[in-house]
Amino acid sequence: MDATLAPHAHDEHPSGLARWLTTTNHKDIGTLYLWFSLAMFMFAGALAMVIRAELFQPGLQLVDPMQFNRLTSMHGLLMIFGAIMPAFVGFANWQVPLMIGAPDMAFPRLNNWSFWLLPVAGALLLASFFVPGGALAAGWTMYPPLFMQGGIAYDMTILAVHVLGLSSIMGAINIITTILNLRAPGMTLMKMPLFVWTWLITAYLLVAVMPVLAAVITMLLTDRHFGTHFFNAAGGGDPVMFQHIFWFFGHPEVYIMILPAFGIVSTIIPTFARKKLFGYTSMVYAVSSIALLSFIVWAHHMFTTGMPVAGQLFFMYATMLIAIPTGVKVFNWVATIWRGSLSFETPMLFAVAVVCLFTVGGFSGLVLALVPVDIQLQDTYYVVAHFHYVLFSGAAMSIIGGVYYWLPKWTGHRYDERLGQWHFWLTTIAFNVTFFPMHFLGLAGMPRRIPDYALQFADFNQIASLGGFVLGAAQLLFVYIVVKCVRGGEPAGDKTWDGADTLEWTLPSPPPYHSFTTPPKID
Amino acid sequence: MVECLQLGSPLPFRVTARPTPGVREPGLGTAVLVLAPWFAVAGTFFLLHGAWPITAFMAASLAGLVAAFLHVRRHAGDFEQLTLDADRLVVDSHAPGDDRHTEFNSQWVSVAVQTGGAVGAPRLVLRGQGREIVFGRLLSAAEVGCVGRELSRRLARLHQWGRG
């Protein structure tokens, strides 16, 4: 006779500060990642507000040029490594085990270390504002020889990026091991939710390129302090080699920040279209193709550094190839929406906005892939517009949509839908007001990373700044909605969205502290 | 993951704990096959162009991934088993290089769920005949409490029966 011991009604787990410091529970660690990411998002966003305030009119108003460079560099670095990447890792921690029917991540203690390295790195970056010479001002790309001339803050940045990279690699190894080994019986790879697929591929990208970043910043460090000359032309080194190596990491990094976004959108759209995702298999292959192609396009960031025409043509065509799998994905999302039984709750609004606006960013990327055009637009505001359409309306808005989608599951409460819709419309309109004029500024020749500019750029800059302030204020509304939902609200029910069909919706809301201790059977 | 087997009522009572449910043959080959050729090509390229630290960092990253899969494979067969019958309480455990078999007289064994340690997680402590062991390395906190309660209930019944 078999008997099962049902766990006691109340889940037993540590409480208080010890719970959060020592937790090995994937849900707790996911929550920590998401709060950390939100804090960094708000801080790096505040830096952007100062940037837009300075650019509101020509001349120097608020900050000197050096301080302006610090703001742009740290804004980029913190948004990429402090906000977007940790947010997606937070989603992975919460959702991957729940979606594959696993009780936790494969290495729970490693998971704890992966998270707690982040505040250390974040503290180093923030502390660098207060050391002699001030924070990193050489751009988030850390190009030598400029990077060689900085003070101790530059070494702190190297250490912080090392720590962030280590955290990412540990997290990625954990995710790969979890997905390949801990899936519930019956869940074959081609039955996994697309979000899990996108994270599996992203984790591989992380393991593949993070060592490159770690190595190149180590080489910077040894050039600065230990007499090597990897990038020092005076010693026989080559500063352009740094750019090649950096973008060999940097372009896949763009996809590290966008592939999980595709996974979130591919989860939200079928739910609110009440249809299965159109072309699941082609989606998996499209994501894999994008990941593979991301390794052979890096030099499109460097068309103006000088390279043979054959090289320019190769990287131009390789970059344009990425439009094909990306087009497959957009087509599949639209086909899923087509004749669906649609409803437009906040997550769906954000998902549809991501599809539309990311496509705009993708198209401006195609424009920049053309060598003769890129030579004209290199280092102009057109590039700033392009990557904000990719990274804000692609990555950040999908993160926000994902938070609205899963927040009822995580907290057990429904968020305030009316405020959510307000947040969506404010964000989307303000985002376009901020960044669309930057295309025109770039086409007119306004260079990026400058605190002052010629008079003819003033009107579009004022519009962009006003949009930016509204965009920033709208995110305060987001924080309010999230906090309000965490503190209480209308019960969400186990299956908040009637079109949702992934495993996490079979659990109560919020899920028990230990879920899927007995694996679910997948048909 | 815990399986409780009760063969006849009330004894013997058996609890078997394994590391994770649904763990499958580690996909080490798949994991490495995806990355190793890429690392070999890119690592060699960078090595030849003087950027040798990249090759070293790539090798370290791949080694980390392989170590993770080997760890999963090595511990996939771990288990802890507790069997209670009228005379004995037997605890068996298996981990690589560490097989243990402990027997207690079931009339003299005591069970306690202690909360403590660095992480404040509950531990199931079995004491008897001057020995003390901890059971439940592979159990979640909720399962430790659950097994502890069930075991205490059955031991109490057994002790009453012994006195009667």
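The model is predicted; local features need pLDDT of at least 70, side-chain atom pairs count only at pLDDT 80 or more, and totals for chains, interfaces and linings use all residues. Residues are numbered from 1 along each chain as its sequence is written, chains are lettered from A and ligands numbered from 1 in the order in which they are written, and side-chain values use heavy atoms, with hydrogens and water left out.

Chain A contains 16 helices and 1 strand. These elements are DSSP runs numbered from the N terminus (helices: H or I, at least four residues; strands: E, at least two). Along the principal axes, the C-alpha atoms of chain A fill a box of roughly 80 × 50 × 45 Å.

Of the 523 residues of chain A, 61% are buried. Buried means under 20% relative accessible area, exposed over 50%, and partly exposed in between (1.4 Å probe, protein chains only). Contacts are defined by heavy atoms within 4.5 Å. Among contacts in chain A between residues at least 6 apart in sequence, 82% join residues at least 24 apart. The chain exposes about 19000 Å², with 70% supplied by carbon and sulfur atoms. Accessible areas come from the Shrake-Rupley method with a 1.4 Å probe; for residues, only the protein chains shown count as cover.

Asn112(A) sits in helix H4 (residues 108-127) of chain A. Asn112(A) is buried, at a relative accessible area of 9%. Beyond its neighbours within four places in sequence, Asn112(A) is in contact with Leu21(A), Thr22(A), Thr23(A) and Ile29(A).

Over all chains, 13 salt bridges are counted. A salt bridge is a side-chain nitrogen of Lys or Arg within 4 Å of a carboxyl oxygen of Asp or Glu. One of them joins Asp155(A) and Arg224(A), whose closest N and O atoms are 2.8 Å apart. This pair links distant parts of the chain: Asp155(A) is in helix H5 (residues 152-181) of chain A and Arg224(A) in helix H6 (residues 194-225), 69 residues apart. Both Asp155(A) and Arg224(A) are buried.

Lys484(A) and Asp416(A) form another salt bridge (2.7 Å, N to O). Lys484(A) lies in helix H16 (residues 458-487) of chain A, and Asp416(A) in the loop between helix H14 (381-411) and helix H15 (417-443); the pair links distant parts of the chain, 68 residues apart. Lys484(A) is partly exposed at 35% relative accessibility. Asp416(A) is partly exposed at 22%.

Chain B has 3 helices and 8 strands. Along the sequence, chain B follows the pattern β-β-α-α-β-β-β-β-β-β-α. Of its 164 residues, 44% count as buried. Residues 24 or more positions apart account for 48% of the contacts in chain B with a separation of 6 or more. The accessible surface of chain B is about 8100 Å², and 59% of it belongs to carbon and sulfur atoms.

In chain B, Glu103(B) forms a salt bridge with Arg88(B), with the closest N and O atoms 3.1 Å apart. Glu103(B) lies in strand S5 (residues 98-105) and Arg88(B) in strand S4 (residues 88-95) of chain B, so the pair ties together parts that are 15 residues apart in sequence. Glu103(B) is partly exposed at 31% relative accessibility. Arg88(B) is partly exposed at 36%. A network of salt bridges links Glu150(B), Arg153(B) and Arg154(B).
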